[in-house]
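Here is a short report on helix packing and aromatic contacts. Please look at the model first.

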Amino acid sequence: MNFAKIFGILVFSAIGYAYYKHAKVRPSYVTLVCSIFLLSFAYLIDRTWLIYLLGTVASMIPLVFHFWRNR
């Protein structure tokens, strides 16, 4: 396991934890599902570039959904 993979796991798990705390305060299924995905997906994937790609996409989904819904 290299530094880039460990760093990706830490960053996206922290984002997932923040989304989880936010989903408990303001209930949203999209935020909750993305938080659970972000907390768990990096441990199942071996490729570093795929961790960064999926983590970035999953991190953006709640933001895009929020801005799209409040338009």
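## Terms and model

Helices (H or I, at least four residues) and strands (E, at least two) are DSSP runs, numbered from the N terminus. This is a predicted model: local features need pLDDT of at least 70, side-chain atom pairs count only at pLDDT 80 or more, and totals for chains, interfaces and linings use all residues. Residues are numbered from 1 along each chain as its sequence is written, and side-chain values use heavy atoms, with hydrogens and water left out.

## A pair within helix 3

Phe65 and Trp68 are three residues apart in helix 3, so about one helical turn separates them. Their rings form a tilted aromatic pair, at 6.3 Å centre to centre and 45° between the planes. Rings of Phe, Tyr and Trp (its six-membered ring) pair if their centres lie within 6.5 Å; planes under 30 degrees apart count as stacked, over 60 as edge-to-face and the rest as tilted.

Phe65 is partly exposed at 28% relative accessibility. Trp68 is exposed at 63%. Here buried means under 20% relative accessible area, exposed over 50%, partly exposed in between (1.4 Å probe, protein chains only).

From helix 2, Val30, Thr31, Cys34, Phe37 and Leu38 meet Leu54, Gly55, Ala58, Ser59, Ile61, Pro62 and Phe65 of helix 3. Contact means heavy atoms within 4.5 Å.

## The aromatic cluster

The whole structure holds five aromatic pairs. One is Phe12 with Tyr52, edge-to-face at 6.0 Å centre to centre and 75° between the planes. Phe12 lies in helix 1 (residues 3–25) and Tyr52 in helix 3, so this pair ties together parts 40 residues apart in sequence. Phe12 is buried at 7% relative accessibility, whereas Tyr52 is partly exposed at 29%.

Phe12, Phe37, Phe41 and Tyr52 form one aromatic cluster. Phe41 sits in the loop between helix 2 and helix 3. Phe41 is buried, at 4% relative accessibility. Beyond its neighbours within four places in sequence, Phe41 is in contact with Phe12, Ile51, Leu54 and Gly55. The C-alpha atoms of Phe41 and Leu54 are 8.6 Å apart.
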